[in-house]
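I opened the notebook to record what I looked up in this structure. The entries follow in the order in which I made them.

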Amino acid sequence: MNAPPAFFTGDSNPELIEDMLAAGQRVVVVQPDARIYYALLEHFAAPVAEGQLVLENFAPAPRGGEIAMLIPSDGGRPYHVVTISWDELVVKHCLPAQVLTAAEVPGYPAAPH
């Protein structure tokens, strides 16, 4: 059986992802911003194809559904994003070995310090 993955939620630091992949860690990235999601998909095409990296184009939230996110660089214009809950992520990918978050998300474990 494969080792549990590391989850990245709201943080898509390519260098850190590369380091974890190089160390043999499976990684799941939850990225709601479509532009960043597609850039990561292009950048990490080989690990995605090999199944070492999974990219999820959702916003992490306490429950599945949809939320309005703001684009700070676009004057705060809202856009709708589909959400995924912690429980849904665990069902899809198993309980993670590590969770790295850019911000505290209700329902998610605390980020490592």
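Entry 1. I began with a pair of residues and found V28 opposite V54 in strand 3. I take helices (H or I, at least four residues) and strands (E, at least two) as DSSP runs, numbered from the N terminus. The model is predicted, so local features need pLDDT of at least 70 and side-chain atom pairs count only at pLDDT 80 or more, while totals for chains, interfaces and linings use all residues. Residues are numbered from 1 along each chain as its sequence is written, and side-chain values use heavy atoms, with hydrogens and water left out.

Entry 2. I looked up how strand 2 pairs (two strands pair if DSSP finds at least two bridges between them). Strand 2 and strand 3 are parallel, with four bridges. Strand 1 also runs parallel to strand 2, and four bridges join them.

Entry 3. Which way do the residues of strand 2 point? V27 and V29 point one way, V28 and V30 the other, and all are buried. Buried means under 20% relative accessible area, exposed over 50%, and partly exposed in between (1.4 Å probe, protein chains only).

Entry 4. I turned to helix 4 (residues 86-93), where W86, L89 and H93 are buried. They lie on the same side of helix 4 because they cover an arc of only 60° around the axis, taken from the directions from the helix axis to the C-beta atoms. The face turned away from that buried side carries the exposed D87 and V91.

Entry 5. Among the elements covering the buried residues of helix 4 are strand 1 (6-9) and strand 2 (27-30). Just after helix 4, I noted a positive phi of about 80° at C94.

Conventions:
Contact means heavy atoms within 4.5 Å.
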